[in-house]
Amino acid sequence: MLARTCLESNGYRVIDAPDPAAALDLAGKHPGRIHLLLTDVVMPGMGGRELAERLVGLQPAVKVLYMSGYTSGLVGQHGVLDGHTELLEKPFTLHALLAKVHKSLHADGIGKAAANHAR
């Protein structure tokens, strides 16, 4: 809830989902482009990597920002993420969240006013 509030108060439009299945359902019903998926790496039922792979099937241009309580080294050692994947380590500050979202979106010049975010 705090991440959503932070992102919305900084001009982002957020589509919030309580779990991966709901995220896919909302993404399938969303009429516009989703620019960024912010997802946890480890979740019950479906991990963040699987969610991202499925969402790419619905939204091929979506970028992914993972968050995790595990360190990037530990997550990488288990093959969950590759070396080009953005990871926001928990706990994170609101500034760190905004910086990672900005970096993820602006890697190819997408502006935040046009961005939608699914979490």
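**Notes on the helix packing and the cores**

1. H2 and H3 are roughly parallel to each other, since an angle under 35 degrees counts as such and their axes cross at roughly 10°. This is a predicted model, so read everything below with that in mind. The helices in question are H2, residues 20–29, and H3, residues 48–58, and their axes come within 10 Å.

2. Who makes that contact? On the H2 side you'll find Pro20, Ala23, Leu24, Ala27 and Gly28, and on the H3 side Leu51, Arg54, Leu55 and Leu58. Sorted by class, the contact comes out as seven nonpolar residues, one polar and one charged.

3. Gly48, Leu51, Ala52 and Leu55 are buried. These four span an arc of only 100° around the axis, so they sit on the same side of H3. Glu53 and Gly57, on the other side of H3, are exposed. As a reminder, an α-helix has 3.6 residues a turn, so residues three or four places apart point the same way. The cover over the buried residues of H3 includes H2, S2 and strand S3 (63–68).

4. Which residues have the most contacts inside the largest nonpolar core? They are Leu24, Ile34, Leu37, Leu51, Leu55, Val62 and Tyr66, in a core of 15 residues. H2 and H3 each supply at least two residues of this core. Leu24 on H2, and Leu51 and Leu55 on H3, also belong to the helix contact from point 2.

5. Val62 deserves a look of its own. Leaving out residues up to four places away in sequence, Val62 touches Ile34, His35, Leu36, Leu37, Leu55 and Val56. Among these, Ile34, Leu37 and Leu55 are also on the list of residues with the most contacts inside the largest core.

6. Leu7 takes us to H1 (residues 2–9), where Ala3, Cys6 and Leu7 are buried. The arc they cover around the axis is only 95°, which puts them on the same side of H1.

7. What covers the buried residues of H1? Strand S1 (13–15), strand S2 (36–40) and helix H5 (94–106) are included in that cover. S2 turns up again among the elements covering the buried residues of H3.

Key:
Residues numbered from 1 in each chain as written. Predicted model: local features only at pLDDT ≥ 70, side-chain atom pairs only at ≥ 80, totals over all residues. Heavy atoms only, no water. Axes fitted to C-alpha atoms, helices over the stretch in contact; angles between N-to-C directions. Parallel < 35°, antiparallel > 145°, perpendicular 65-115°, else oblique. Contact = heavy atoms within 4.5 Å. Nonpolar A, V, L, I, M, F, W, Y, C, P; charged D, E, K, R; others polar. Core = buried A, V, L, I, M, F, W, Y, C linked by side-chain atoms within 4.5 Å. Buried < 20%, exposed > 50% of the residue type's maximum accessible area, 1.4 Å probe, protein only. Arc of directions from axis to C-beta.
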